[in-house]
Amino acid sequence: MVKQILEKEEKREISRRILTALPEWFGIEKAREAYIADSAKQVFFAAHKSGEAVGFLCLKETGRDTMEIAVMGVLPSYHRQGVGRELVEAAKEYAYRKQYSFVQVKTVQMGRYSCYDDTNRFYLSQGFLEFEVFPALWDEWNPCQIYIMYLAPQNFS
């Protein structure tokens with residue numbers, strides 16, 4: 001079950017617990033702490049199983065017509081069980097209701113690291129399309145792949 005979380009401290013607690021459990025993606029402490037701090041200010045969805053938050057997703061506005069998945073994480077023991085898909089669906093529905101036209105997400109370009117290849121395949125499987133690669137947005141070792149999705153009524157299950 002996915003629900004929107006409004007309380008800032010609850011957002012920080014959920015994001016800290018989950019991001020800390022994902023060192024392959026969020027192992028740089030300074031970056032992880034920035035994601036946690038920013039999550040308190042963003043639109044925040046948490047997926048719950050047996051009363052525990054097992055995944056979360058944050059949205060932020062990046063333009064008049066676009067929201068971005070700013071950060072997303074799912075506890076490793078819940079990978080490949082539909083939690084990420086449920087979170088993305090909640091984000092798409094929220095953005096559509098708020099009259100945004102697009103959702104975008106940034107990740108490391110396919111072919112650089114196996115864990116990020118999994119991330120790329122996940123977003124592609126959700127219907128995101130490759131938009132652009134910025135080779136040096138973050139740094140030369142982590143080229144930034146941007147995916148985008150048009151929010152049309154037929155995009156919803």
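In this predicted model, Phe 44 has 0% relative accessibility and therefore counts as buried. Phe 56, likewise at 0% relative accessibility, counts as buried too. A search of the whole structure finds 6 aromatic pairs, and Phe 44 and Phe 56 form one that is stacked, with 5.2 Å from centre to centre and 10 degrees between the planes. Phe 44 belongs to strand E2 (residues 43-49) and Phe 56 to strand E3 (residues 52-63), so this pair ties together parts that are 12 residues apart in sequence. Aromatic rings also come together elsewhere: ring pairs join Phe 122, Tyr 123 and Phe 128 into a cluster.

Strand E3 also holds Glu 52. Leaving aside neighbours within four places in sequence, Glu 52 touches Arg 17, Ala 47, Leu 75 and Tyr 78. With Arg 17 there is a polar contact between the two side chains, at 3.3 Å. Glu 52 and Ile 14 are 38 residues apart in sequence, yet their C-alpha atoms are 9.5 Å apart in space.

Ile 14 leads on to helix H1, where it is one of the buried residues, together with Lys 11, Ser 15, Ile 18 and Leu 19. Viewed down the axis of H1, these buried residues fall within an arc of 115 degrees, so they line one face of the helix. H1 itself (residues 8-20) has 13 residues and reaches 18 Å from its first C-alpha to its last, close to the 18 Å expected at 1.5 Å a residue. At the start of H1, a side-chain oxygen of Glu 7 comes to within 3.0 Å of the backbone nitrogen of Glu 9.

Helix H5 can be checked in a similar way. At 1.5 Å a residue, its 12 residues (114-125) should span 16 Å, and the C-alpha atoms at its ends are 16 Å apart, which agrees. Buried in H5 are Cys 115, Tyr 116, Asp 117, Thr 119, Asn 120 and Tyr 123. Among the elements that cover them are helix H2 (23-26) and strands E4 (66-74), E5 (102-108) and E7 (142-150). Just after H5, Gly 127 adopts a positive phi of about 100 degrees.

Conventions
Residues numbered from 1 in each chain as written. Predicted model: local features only at pLDDT ≥ 70, side-chain atom pairs only at ≥ 80, totals over all residues. Heavy atoms only, no water. Helix = DSSP H or I, 4+ residues; strand = E, 2+ residues; numbered from the N terminus. Expected span 1.5 Å × (residues − 1). Buried < 20%, exposed > 50% of the residue type's maximum accessible area, 1.4 Å probe, protein only. Contact = heavy atoms within 4.5 Å. Phe/Tyr/Trp six-rings, centres within 6.5 Å; stacked < 30°, edge-to-face > 60°. Arc of directions from axis to C-beta. Polar contact = N/O pair within 3.5 Å; in protein donor to acceptor, adjacent residues only side chain to side chain.
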